[in-house]
Structure formats: C-alpha cells, structure tokens
Amino acid sequence: MKLSRRKFIAGSTLTVAGTMLLPNKMFAMKKDKDLILGIQLYSVRDDMKKDPLGTLKKLAAMGYTHVEHANYVDRKFYGYGAVEFKKILDDLGLKMPSGHTEFSAKDWDKSSNDFTDVWKHAVEDAATVGQIYVISPSLDESLRKNYDDLIAFLQLFNKSGELCQKHGMHFGYHNHNFEFMFSLNGKLLYDIILDNTDPKLVIQQMDIGNMYGAGGRALEILKKHPGRFKSMHVKDEIKSATAGEMNDRYESTILGKGVIPVLEIVNQFKQKGGTTEFIIEQESYQGTQPIDCAKEDLMAMKSWGF
C-alpha cells in the first residue's frame with residue numbers, strides 16, 4: 001500500500017481471464033472452502049470516502065464476501081461506530097476478518113507500562129466488528145535506523161499480540177518496501193521483524209506487490225520463513241511511467257496482467273506459508289475505474305479456484 005495511507009487511516013473480463021491468465025491455469029489450485037478471499041477497501045478508497053454504504057453494496061453484488069478496512073478514525077470505521085458498521089456488513093452478507101490500524105510507540109504508555117486507552121479501544125472495536133486479525137500496516141521511520149530501538153519496539157508487537165489474544169484475535173504486521181531496502185547489523189529489516197516477533201503472537205500479512213520494486217521476492221522469503229504468513233495481500237505489478245506507489249517505478253494492476261507469478265505464489269503460500277486469508281489489493285488502475293478493477297480481480301481469483 002501507499003505510505004500515504006497512513007494519513008488516510010485515514011464478458012470481456014472472462015476473455016482476459018482465458019487469455020492472459022492461461023499460463024497460470026496449469027497451476028490452478030483446488031478450491032478450499034476454508035480459505036478467505038476478500039478485498040482491501042483501500043482499493044476503492046475514493047468510492048468508500050464518497051459513498052461507503054453504496055460501495056459495499058456494489059462489492060457484495062459482485063460476489064465479495066469479505067472485506068478489509070483501511071480507515072479507523074476516532075473509533076469509527078468509514079464514519080460508522082463498530083456496532084453500526086458490523087450491522088451494515090451483516091446486512092450485506094459481508095465479513096471483515098482483518099483490518100489495518102497502525103500501532104506506534106505513542107500507543108504505549110511508559111509511565112504506566114501499559115497500552116494507552118486509544119489502542120485498547122482500537123482492539124476492542126476490532127473485536128466488536130468481527131475481526132480475526134488486527135494488522136499494523138507500517139513502521140515509523142525512526143525505527144528503521146537504529147537496531148536496538150527496533151528490537152525494543154518489536155517487543156511491543158508481541159505485547160500487542162497478547163492483548164489481541166485476550167479478545168480472541170491476532171495482531172499482525174503488513175510490509176511495504178522499505179523492509180527490503182534497508183538493513184541493520186547486516187540483516188534486512190524484514191528478517192529482523194520476523195526473527196524478533198513471536199509467531200504465536202504476531203502474524204505476518206505479506207504484500208507480494210509492495211516489495212517487488214525493492215527486490216523482495218515472495219517465494220524466496222517463504223523459503224526463509226515457512227509457516228509465518230497467515231494473511232496475504234494478493235497484488236500484481238507493472239512498470240510505471242511515474243514514480244509508482246512505492247516510489248520504485250512499479251504500480252499495481254489487474255491480477256494476471258503484470259510481472260508477478262501471482263498464482264504460483266498463492267499456491268505455494270497456501271501449502272507452505274500457513275496462509276488462509278488472501279486479500280486482493282489494487283492501488284493503480286491504468287485508466288479503468290477502481291470498482292471495475294475490483295470486479296476483474298475477483299474474476300481472476302475465481303478462475304484460479306477460489
């Protein structure tokens with residue numbers, strides 16, 4: 001996802017699936033009823049800002065059954081309290097097993113050696129709305145520069161995992177690209193994060209697209225850290241004429257149209273990564289309306305067995 005999200009936390013398609021996705025057909029997975037397939041609502045962020053209820057209705061009508069939020073502000077999801085938003089989702093036949101709410105050092109009160117009420121409320125509201133995973137989607141820049149500071153902060157990740165477990169949920173982390181660009185003490189930030197968080201307390205949500213321009217390759221990471229990825233952001237990438245979403249000259253596109261071997265990754269992570277939640281995310285649209293991209297992305301995933 002774009003780093004700017006932190007401020008925000010504020011027929012023809014069948015032809016495409018049959019032609020551009022044909023090479024992936026040989027890898028098509030067996031349908032598994034236990035898998036969760038959803039969409040990150042940041043994919044349709046402008047629509048959600050203008051008309052959240054109408055946009056959710058459109059997504060449900062397409063066949064989406066799960067969504068992931070990227071907007072929790074002042075104890076509200078897209079302007080609705082947790083109880084009200086849960087009812088909206090229920091009425092539309094939607095579930096929201098995960099959501100993005102950034103956890104930072106300001107959410108820990110050193111004087112009381114406890115979480116702030118703000119973070120406790122965030123966890124409580126996540127439980128109320130039906131989440132399984134409370135996922136922090138970034139890491140403060142200051143923590144990317146000092147090894148000891150990062151190690152100390154990651155212990156708060158583990159503590160947040162304990163707090164979430166008390167509410168029947170799991171805490172998690174979602175990568176961007178900087179985790180694969182920078183090293184401390186000779187280790188990539190991403191390896192440091194995984195090596196210093198307890199797998200029983202902190203799940204990983206791998207974004208297979210964000211990392212691509214920085215050299216991160218999902219299948220290589222899986223070999224190093226098998227079984228660590230309960231959730232995935234399913235994303236494809238193409239070269240960008242501009243800076244791109246991660247300022248690395250790549251931007252996301254409709255699944256199956258880019259350079260990432262998405263289906264092979266999905267299959268491998270299902271088998272070896274412990275991954276059961278697959279969340280579609282597309283942030284750039286190449287002239288197509290975001291809501292229409294969401295439909296094409298869903299059709300691509302369904303053509304692969306979801």
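Predicted model: local features only at pLDDT ≥ 70, side-chain atom pairs only at ≥ 80, totals over all residues.
I begin with the barrel. Eight strands form a closed barrel with parallel pairing, in the order E1-E2-E6-E9-E10-E13-E14-E17. On average, and with direction ignored, neighbouring strands in this sheet are turned by 30° against each other.

Strand E1, residues 36–40, runs parallel to strand E2, residues 66–69, and two bridges join them. Which residue of E2 is the bridge partner of Ile39? That partner is Val67.

I turn now to the helices. Helix H8, spanning residues 147–166, packs on the sheet. There, H8 touches strands E9 (133–136), E10 (170–174) and E13 (202–207), and the direction of H8 makes about 140° with that of E10.

Strand E14 brings me to the histidine. His233 has its place in this strand, which comprises residues 231–234. Is His233 buried or exposed? His233 counts as buried because its relative accessibility is 0%, and the cut-off for buried is under 20%.

Which side chains make polar contacts with that of His233? One is the side chain of Gln205, joined to the His233 side chain by a polar contact of 3.3 Å. Another is the side chain of Asp207, where the polar contact with His233 is 3.4 Å.

With that, I conclude my presentation. Thank you for your attention.

Conventions:
Residues numbered from 1 in each chain as written. Heavy atoms only, no water. Helix = DSSP H or I, 4+ residues; strand = E, 2+ residues; numbered from the N terminus. Buried < 20%, exposed > 50% of the residue type's maximum accessible area, 1.4 Å probe, protein only. Polar contact = N/O pair within 3.5 Å; in protein donor to acceptor, adjacent residues only side chain to side chain. Pairing = 2+ DSSP bridges. Axes fitted to C-alpha atoms, helices over the stretch in contact; angles between N-to-C directions. Contact = heavy atoms within 4.5 Å.
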